Amino acid sequence: MLSITEEFYSLNNTSANYQKYVLISNSLPLTTTSTILPVEFHLSLSSLNDIPSISVTPLSITSSFRFLGVWFNIKGSRDFVRKQIASECNSFAATLRPAKLSAKQVVYLYNSVLIPKLEYCMQVTHLSASDCYAATRSVRSLVKHKANFSRSLPNPILYLSQALGLINLSSHLIQCHINVDTV
């Protein structure tokens, strides 16, 4: 397969960055102290391919990797995605906190920009309601601040469509998965 890929690159006058190749294997040791050695792929030489071999270091089974914008983990750990979602929410809140925006504008940006991004990142990872709640804490705090609400205001009020209409990430993801499963 790699030989065919190299021939394709030659035909199209392009090349690959082998340092960015990713090899995923579920047969590697689980310990992080084990040294993972590169795997050597020997290619068939032809008039279109003059590269005899490619060396790729496999990812650890505990590592997360990105494929088409979605993060995966062979071990099935949700830690990486949980931290990524929290980081996105914190970054969003930190960026908008100094901006002169109303609470409704922040809610609009959260609902129409951040929620679809989070939904996309979480396509293969289901987080619990408490994980979603913890990840979006900074956004709820920001909305309360922008609306001049007390920090002790119950959070469900923020989600009411008659009030601000902030999307509850956990409920939204459940609804998305139900919609996908019924199609």
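Colleague: How many salt bridges does a search of the whole structure find?

Modeller: The search finds three salt bridges, a salt bridge being a side-chain nitrogen of Lys or Arg within 4 Å of a carboxyl oxygen of Asp or Glu. Please keep in mind that this is a predicted model, in which local features need pLDDT of at least 70 and side-chain atom pairs count only at pLDDT 80 or more, while totals for chains, interfaces and linings use all residues. Residues are numbered from 1 along each chain as its sequence is written, and side-chain values use heavy atoms, with hydrogens and water left out.

Colleague: Which residue meets Asp79 in a salt bridge?

Modeller: Arg82 does, at 2.6 Å from N to O, and the two are separated by about one helical turn because they are three residues apart in helix H2 (helices are DSSP runs of H or I with at least four residues, strands are runs of E with at least two, and both are numbered from the N terminus).

Colleague: And what about Arg82 and Asp131?

Modeller: They also form a salt bridge, with the closest N and O atoms 3.2 Å apart. Arg82 lies in helix H2 and Asp131 in helix H4, so this pair ties together parts that are 49 residues apart in sequence.

Colleague: Is Asp131 buried or exposed?

Modeller: Asp131 is buried, with a relative accessible area of 18%, where buried means under 20%, exposed over 50% and partly exposed in between (1.4 Å probe, protein chains only).

Colleague: Switching to packing, which residues touch the most other members of the largest nonpolar core?

Modeller: Ile85, Tyr110, Met122, Val139, Val143 and Leu169 do, out of 28 residues; such a core is a set of buried Ala, Val, Leu, Ile, Met, Phe, Trp, Tyr and Cys residues joined through side-chain atoms within 4.5 Å. The largest share of this core, eight residues, comes from H3.

Colleague: What is Val143 in contact with?

Modeller: Leaving aside neighbours within four places in sequence, Val143 is in contact (heavy atoms within 4.5 Å) with Ala103, Val106, Val107, Leu158, Leu164 and Leu166.
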